[in-house]
Amino acid sequence: MLILGIESSCDETGLALYSEEEGLIAHMVNSQVELFTEYGGVIPEIAARDHSVKIINILKNLLKKADKKLDDVNLIAYTAGPGLIGSLMVGETVAKTISNILDIELLPINHLEGHILAPGLEDDNLETPYLCLLVSGGHTQIIECSEYGSYQILGETIDDACGEAFDKVGKLLNLEYPGGPKVSKLAEDGDPTRFNFPRALMKDKNLNFSFSGLKTAVLYALDDLEEKDYPDVAASFQEAVVDVLIKKLAYAIEQTGIKKLVCSGGVAANRLLRERLTDMGKTTELEVSYPKMEFCTDNAAMIAHAGFIRKKYNLKEYPTKYARPRWPLGELYD
Ligand code: KG4
Ligand code: ZN
């Protein structure tokens, strides 16, 4: 079985080839991040247009690199949601067109399932159950993967995603988009104890997150500050975010008894988060792993791989026929 994976849910155009025998053969990603520097965030219409301009060339290059033809493909796994509708529809249209003309089976994939299963790209023996902390510009979730195809969201953000909060605070500190890595860098020279920024939803061992109040607290704090104070602001902000992530994870581990964690998404690159997870591993025997960064951020290898897993374990096909901007893991079969 040779699977073509297609990912276009947000601002990365990804194509991949995954084979049953050899695993991942090749994958390519075009990130649009530079297009959005001047806007400070993703503009959906520009993202969709860029996918449509680039996707066919990326596909051609991928086939060339892997020395394969479209005729060799016998399954197309594409991201059907959740994501930006215009972006999703570009990938979906390409998938449906190839599938119809060449009579190749089509498999819609939930983007979040792609992230959850991504560690399997590097670890053939990835055993369930495990917890997944998915932290990126679009997601902040703690998910329990009890077995392949069965996922429970234990907690998620009720407003901004945690990467989004980093980006918004980056903007407040006059840093270029995406602000996450720059805020983190600035924080290295700051005092994380100077400002006691709020940690939301910490009562009752609630596993949901809220980051919008934190961003507003930073905004108000800046009123009385000068640029020389920015490293302390960045460090205190980062401390608050990581503190919340770690405490909620500890609750999730306590509630489920699961001692295995996969940390994924762009924010998984954050140094403080990694340090705290390592510390947590030492005190609680938590086994923490991170997919390679190229599989942590949005890519089509994880989508092709999710298609492979769904076929391998004969999982029931999702009934979805159209791209779905909103498609929570709890509604996979609705
Ligand atoms: O998974 P990802 O590449 O893409 C999308 O969410 O689309 O995640 C990008 C997010 C951005 O919000 C970025 O600022 C954040 O991950 N990020 C970081 C770091 N590196 C990337 N946030 C905090 N610290 C970092 N080192
Ligand atoms: Zn994603």
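This section describes the overall fold and the zinc site of a predicted model.

The protein chain has 334 residues and a radius of gyration of 20 Å. A compact globule with that number of residues would come out near 20 Å, so the value agrees with a compact form. Along the principal axes, the C-alpha atoms fill a box of roughly 65 × 45 × 35 Å. The chain contains 10 helices and 10 strands. Of its residues, 53% count as buried.

The zinc ion (ligand 2) has four donor atoms. Three come from histidines: NE2 of His-111, NE2 of His-115 and NE2 of His-139. An OD atom of Asp-298 is also a donor. These protein donors lie 2.1 to 2.6 Å from the zinc ion. Along the chain, their spacing reads H-x3-H-x23-H-x158-D.

Helix H3 (residues 111–117) carries both His-111 and His-115. The two histidines are four residues apart, about one turn of the helix. Both His-111 and His-115 are buried.

The donor angles at the zinc ion (ligand 2) run from 88 to 161 degrees. A tetrahedral assignment requires all angles to lie between 85 and 135 degrees. The arrangement around the zinc ion is therefore irregular, given the range of 88 to 161 degrees.

Technical notes
Residues numbered from 1 in each chain as written. Chains lettered and ligands numbered in written order. Predicted model: local features only at pLDDT ≥ 70, side-chain atom pairs only at ≥ 80, totals over all residues. Heavy atoms only, no water. Donors = N, O, S within 2.8 Å, 3.2 Å for Na, K, Ca; no water. Tetrahedral: all angles 85-135°; square planar, octahedral: opposite > 155°, others 65-115°. Buried < 20%, exposed > 50% of the residue type's maximum accessible area, 1.4 Å probe, protein only. Rg over C-alpha atoms; globule rule 2.2 N^0.38 Å.
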